[in-house]
Amino acid sequence: MAYLKVENVRITGISAGVPKHAEGSVSTTDKYGAEDFVQTTGIKEKRYDERLTTSDLGLPAAEKLIADLGWDKKEIGALVFVSQTPDYILPATACILQAKLGLERSCMAMDINLGCSGWVYGLSVLSSLMQTGNIKKAILLAGDARKQAKEELDQLFGYACTATALEYSKEAKPFYFDLGTDGTGYDAIIRPGGCRNQFNEDSLKLELCEDGRKRHAIQTRMKGMDVFAFGITTAPKSIKKLTANYEMDYTSFDYVILHQANYKMTETIRKKLKLDAEKMPYSMLHFGNTSSASIPLTIVTQLKGKIEDKPTKIIGCAFGVGLSWGTVAFETEHLLISELVEV
């Protein structure tokens, strides 16, 4: 098990950027009944704009957060961008954002290619780099804007990118992580394009998939039942093992925030953990599945006005593409949560 304890770093603030446009999950002409779909998935609508990339949402979210914190951009020593929808195959989108944000050339910038578990993994990587104190302030961007070619609008996935500000502090409470991978299920969620499936004249031909929807060869596809079984099994085990390993009681935490995959999955996990509904906030109703943005987006949209002025103990648990998972236990104090940025 990849258990990590990271000290001397705290989350100072969180912001999120989404498109202004809201799109319903299912239309009245869809083969799925709209009411049944919402009850099962918990997704009524999502934010969507095919003109926007992930960085188009992350840039204003980061600008807003930095301004709200009153940070001097010269003091930001690292920028990490976690996404599976970068601006380009290369260069890394973090390099582009370093310039657009006006950060110093001495600022390290790197991308991490991960999906649903990405915010937890990004947090573990960036906080680990910072705990010696050589990097005092840093920004973690995480999210996805999934459209990479003309395709049928996905029912589940919404666009979002979040910014998380991290700061070196000897008074910070530790982060505790449990990270894991099961690569035998790599094809449970997959976008086949890449060096093993290079773009050709057939790449945009539609194929009928197991869920009855048509997709082309460079569009994300998912084995829904495999992913569901993985999520409801792995998430509660990870939360229990992490807290047991560090002699903590997960029921004592103020909030347990899961990756917002769908309502049926998260409710199954909540019941396995025997947690009250008030401890598990959801953002999926109006934003859909936002991949690596879902945990910080939930904090911004559901917990603003509730936790900023008091110490708050939070567990975040995410799972999906890879198959990978990550759980983090942490405590916030004087957390700044920016107003939602709509682009």
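Tutor: One term before the tour: a residue is called exposed when its relative accessible area is over 50%, and buried when that area is under 20%. Also, this is a predicted model.

Student: Ok. Where does Glu247 sit in the chain?
Tutor: Glu247 is in the loop between helix 5 (224-245) and strand 14 (255-258).

Student: And is Glu247 buried or exposed, by that cut-off?
Tutor: Glu247 has 76% relative accessibility, so it counts as exposed.

Student: What about the phi of Glu247?
Tutor: Phi of Glu247 is near 55°, which is a positive value in a residue that is not glycine.

Student: Why bring that up?
Tutor: Because most residues other than glycine have a negative phi.

Student: What is the phi of His334, then?
Tutor: His334 is not a glycine either, and its phi is positive, about 55°. His334 lies in the loop between strand 16 and strand 17 (336-337). With 57% relative accessibility, His334 counts as exposed.

Student: Switching to peptide bonds. Is the one from Leu90 to Pro91 cis or trans?
Tutor: The bond from Leu90 to Pro91 is cis, and its omega is near 10°. Pro91 belongs to the loop between strand 5 (76-82) and helix 3 (93-100).

Student: And the bond from Gly322 to Leu323, cis or trans?
Tutor: That bond, from Gly322 to Leu323, is cis, with omega near -10°. Leu323 is in the loop that runs between strand 15 (312-320) and strand 16 (324-332). As background, most peptide bonds are trans.

Student: Let's zoom out. How many helices and strands are there in the chain?
Tutor: The chain has 8 helices and 18 strands. Its radius of gyration is 19 Å, close to the 20 Å that the globule rule gives for 343 residues, so the chain is as compact as a globular protein of that length.

Student: What box do the C-alpha atoms fill?
Tutor: Roughly 55 × 45 × 35 Å, taken along the principal axes.

Student: How much of the chain is buried?
Tutor: Buried residues are 55% of the 343 residues.

Student: And the contacts, what share joins residues at least 24 apart?
Tutor: Counting contacts between residues at least 6 apart in sequence, 78% join residues at least 24 apart.

Student: Last topic, the surface and the charges.
Tutor: The accessible surface of the chain is about 15,200 Å², and carbon and sulfur atoms account for 51% of that. There are 41 positive and 43 negative side chains, with the centres of the two sets 1 Å apart.

Terms used
Residues are numbered from 1 along each chain as its sequence is written. This is a predicted model: local features need pLDDT of at least 70, side-chain atom pairs count only at pLDDT 80 or more; totals for chains, interfaces and linings use all residues. Side-chain values use heavy atoms; hydrogens and water are left out. Helices (H or I, at least four residues) and strands (E, at least two) are DSSP runs, numbered from the N terminus. The radius of gyration is taken over C-alpha atoms; the globule rule is 2.2 Å times the number of residues to the power 0.38. Buried means under 20% relative accessible area, exposed over 50%, partly exposed in between (1.4 Å probe, protein chains only). Contact means heavy atoms within 4.5 Å. Accessible areas come from the Shrake-Rupley method with a 1.4 Å probe; for residues, only the protein chains shown count as cover. Lys and Arg count as positive and Asp and Glu as negative; His and the chain ends are not counted. The place of a charge is taken as NZ of Lys, CZ of Arg, CG of Asp or CD of Glu.
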